[in-house]
Amino acid sequence: WASKKERCVALSSCDAELVAASMAVCEIIYIRALHEDMGIQITGPTAVYIDNEGAKAISINPLSTSSLKHVNRRHFFIRDAHDNSLVEPVQVSTLGNFADVMTKYLSPERFKQLLAKFFGGMK
């Protein structure tokens, strides 16, 4: 896991999710290639969890609309990876999004709840 400053300004939460997803896909492709170099074969696409419905729809839908004119072409990289069966965008609900522990202000109760789920899955 890594934290990086985005190199562009997103105009909406959907844009921000597309930027983050495309960065994640780049890392996934690198890690898949690294595994392949070590002789470890990965079968099937890798899940990319997206908590924004619009971003998920844009990431798999090849249609372009006028509302997407401002989105940089490089952020549609996830679409190409999906078409090549390298990744599969998966909708994650806000209630089940463990990344919120590291990226958002949460009430103490919600923080403890997500943290328990996060570390509970690492037994």
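Cys14, Glu17 and Leu18 in helix 1 meet Gly54, Ala55, Ile58 and Ser59 in helix 2, where contact means heavy atoms within 4.5 Å. By class, this contact has four nonpolar residues, two polar and one charged. Ala, Val, Leu, Ile, Met, Phe, Trp, Tyr, Cys and Pro count as nonpolar, Asp, Glu, Lys and Arg as charged, and the others, Gly among them, as polar. This is a predicted model, in which local features need pLDDT of at least 70 and side-chain atom pairs count only at pLDDT 80 or more, while totals for chains, interfaces and linings use all residues. Residues are numbered from 1 along each chain as its sequence is written, and side-chain values use heavy atoms, with hydrogens and water left out.

**Overall layout**

- The protein has five helices and two strands. Helices (H or I, at least four residues) and strands (E, at least two) are DSSP runs, numbered from the N terminus.
- From the N terminus on, the order of elements is α-β-α-α-β-α-α.
- Of the 123 residues, 27% count as buried. Buried means under 20% relative accessible area, exposed means over 50%, and partly exposed lies in between (1.4 Å probe, protein chains only).
- Take the contacts between residues at least 6 apart in sequence: 60% of them join residues at least 24 apart.

**Helix 1 against helix 2**

- Helix 1 spans residues 13-37 and helix 2 spans residues 53-60. They pack at an angle of about 55°, with their axes 8 Å apart.
- Axes are lines fitted to C-alpha atoms, for helices over the stretch in contact, and angles run from 0 to 180 degrees between N-to-C directions.
- The two helices are therefore oblique to each other. Angles under 35 degrees count as roughly parallel, over 145 as roughly antiparallel, 65 to 115 as roughly perpendicular and the rest as oblique.
- Helix 1 passes helix 2 in a right-handed crossing. A crossing is right-handed if the near helix is turned clockwise from the far one by less than a right angle, and left-handed if anticlockwise.
- Val19 lies in helix 1. Val19 is buried, with a relative accessible area of 5%.
- The C-alpha atoms of Val19 and Ala55 are 9.4 Å apart, across 36 residues of chain.

**The largest nonpolar core**

- The largest nonpolar core has 13 residues. Such a core is a set of buried Ala, Val, Leu, Ile, Met, Phe, Trp, Tyr and Cys residues joined through side-chain atoms within 4.5 Å.
- Val25, Val48, Ile50, Ile78 and Val87 have the most contacts inside the core.
- Helix 1, strand 1 (46-50), helix 2 and helix 3 (77-83) each supply at least two of its residues. Helix 1 gives the largest share, five residues.

**Ile78**

- Ile78 is found in helix 3. Its relative accessibility is 0%, so Ile78 counts as buried.
- Ile78 touches Ala21, Val25, Val48, Ile50, Ser59, Val87 and Pro89, leaving aside residues up to four places away in sequence.
- The C-alpha atoms of Ile78 and Glu88 are separated by 9.0 Å, and the two residues are ten apart along the chain.

**Two loop residues**

- Ser85 sits in the loop between helix 3 and strand 2 (87-91). Ser85 has a positive phi of about 60° although it is not a glycine.
- Ser85 is partly exposed, with a relative accessible area of 45%.
- Gly96 lies in the loop between strand 2 and helix 4 (100-103). Gly96 is partly exposed, with a relative accessible area of 27%.
- Gly96 and Leu114 are 18 residues apart in sequence and 7.9 Å apart in space, C-alpha to C-alpha.
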